[in-house]
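Trainee: Could you walk me through this one? I'd like to know what the labels really rest on.

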Amino acid sequence: MFRKLVAILISTAFGISLAAATEDPFPQTKLSAVEIVEKNVAARGGLEAWRAVQTLSYEGHLSTAADPRVARRIPASGPKRSHPLQRPQLVPQRPVRPLAVVPFLIEFARPRKQRIELQFKGQTSVQVFDGAGGWRLRPFLYPREVEPLTQEEIDAASQQADLDGPLVDYAAKGTNIELDGIEKVEGRDTYKIKLTLHSGKNLHVWIDSQTFLETKIEGAPRRLNGVYHPVEIYYRDYRSVDGLQIPFLLETRVQPVTDAPGFRGTPFPVQRMVIDKAVVNPKLDPSFFSKAGIEPSSSTN
């Protein structure tokens, strides 16, 4: 918060304008997208260090902040006021939902394999992606049934299963990059990098102009009430793990759509992914990422 406030004050005091400033307030604007991404990879630990990572695991918890929409008091529908000075009736505030906390374990393996375990009401939900297909087991809904992921879920898992992120070895992954402008993210100058993935889909990543670490990434849109909402994921609290810079806090924000029915542009609760432990190159059984690895007979629950 202090860093953000300082950035805002400096910006206001000097009236920074990229178009009109006499001195270059953004000295790195002449960097190309390739140079920016190279600096990003170097800041995260280096290309060779990331290439040496074959498996990766994160252990932590997911939490959802209270929904800001439940705290509003709105006029109640009913009889009109009998006097112009009479205060309108208000619906009492609904109690704010308590913070939901869900422990998780996420494991990655090359090439593009992922396993997610979530602890919910004493049971473990598991989802796996083997690089081509995916399955899940939700014992609190279907105790003995392993469900295949939908094609939309497989597409999302394919993007998320990249253990080193979309920028490391981007060319080898068939990704094209370009600089799509310079934007402020929470008061700091960032490079907005546009990625065109091998699938043809576009993705944006924002890189801090000073640290060259990712600040924000475009997430997969979420469908709510039949409407797709943009998603932004903020990377925070970078820490060094075996020489690699890894964010230990990720905040997911679902953006409102002003013309979506029933939402009226109000914000959604922020979802936080807190990493308590990160392990580089743990020994993982290859079967963990297959359908057989989540069959009820092989499940620990």
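Trainee: Which residues of helix 2 are buried?

Mentor: In helix 2, the buried ones are A33, I36, V37, N40 and V41. Buried means under 20% relative accessible area, exposed over 50%, and partly exposed in between (1.4 Å probe, protein chains only). Helices (H or I, at least four residues) and strands (E, at least two) are DSSP runs, numbered from the N terminus. One caution: this is a predicted model, where local features need pLDDT of at least 70 and side-chain atom pairs count only at pLDDT 80 or more, while totals for chains, interfaces and linings use all residues. Residues are numbered from 1 along each chain as its sequence is written, and side-chain values use heavy atoms, with hydrogens and water left out.

Trainee: Why do we say that the buried residues of helix 2 line one face?

Mentor: Looking down the axis of helix 2, they fall within an arc of 135 degrees, so they line one face. That arc is taken from the directions from the helix axis to the C-beta atoms. On the other side of helix 2, E38 and A42 are exposed.

Trainee: Why is N40 called buried?

Mentor: The relative accessibility of N40 is 0%, and the cut-off for buried is under 20%, so N40 counts as buried.

Trainee: What does N40 touch?

Mentor: Leaving aside residues up to four places away in sequence, N40 touches L167, I207, F212, L213 and E214. Contact means heavy atoms within 4.5 Å.

Trainee: What do the buried residues of helix 2 pack against?

Mentor: They pack against helix 3 (47-51), strand 7 (176-185), strand 8, strand 9 and strand 10 (214-224).

Trainee: What makes a set of residues a nonpolar core?

Mentor: They must be buried Ala, Val, Leu, Ile, Met, Phe, Trp, Tyr and Cys residues joined through side-chain atoms within 4.5 Å. The largest such core here has 41 residues, and those with the most contacts inside it are W50, Y58, I193, L195, I246 and I275. Strand 12 gives the most to this core, with five residues.

Trainee: How do you know that R51 and D169 form a salt bridge?

Mentor: Their side chains meet at 2.8 Å, N to O. A salt bridge is a side-chain nitrogen of Lys or Arg within 4 Å of a carboxyl oxygen of Asp or Glu, so this pair passes. R51 lies in helix 3 and D169 in the loop between helix 4 (151-160) and strand 7, so the pair ties together parts that are 118 residues apart in sequence.

Trainee: And R51, buried or exposed, or something in between?

Mentor: At 39% relative accessibility, R51 counts as partly exposed. D169, at 23%, is partly exposed too.

Trainee: What about E251, and what is its label?

Mentor: E251 has a relative accessible area of 8%, so it is buried. E251 also forms a salt bridge with R236, with the closest N and O atoms 3.1 Å apart.

Trainee: Last one: what makes F120, F140, L141 and Y142 a patch?

Mentor: Patches are made of residues with over 30% relative accessible area and no salt bridge; like charges are joined within 9 Å, nonpolar side chains (Val, Leu, Ile, Met, Phe, Trp, Tyr) within 5 Å. F120, for one, has a relative accessible area of 35%. Together the four have about 360 Å² of accessible area, by the Shrake-Rupley method with a 1.4 Å probe, where for residues only the protein chains shown count as cover.
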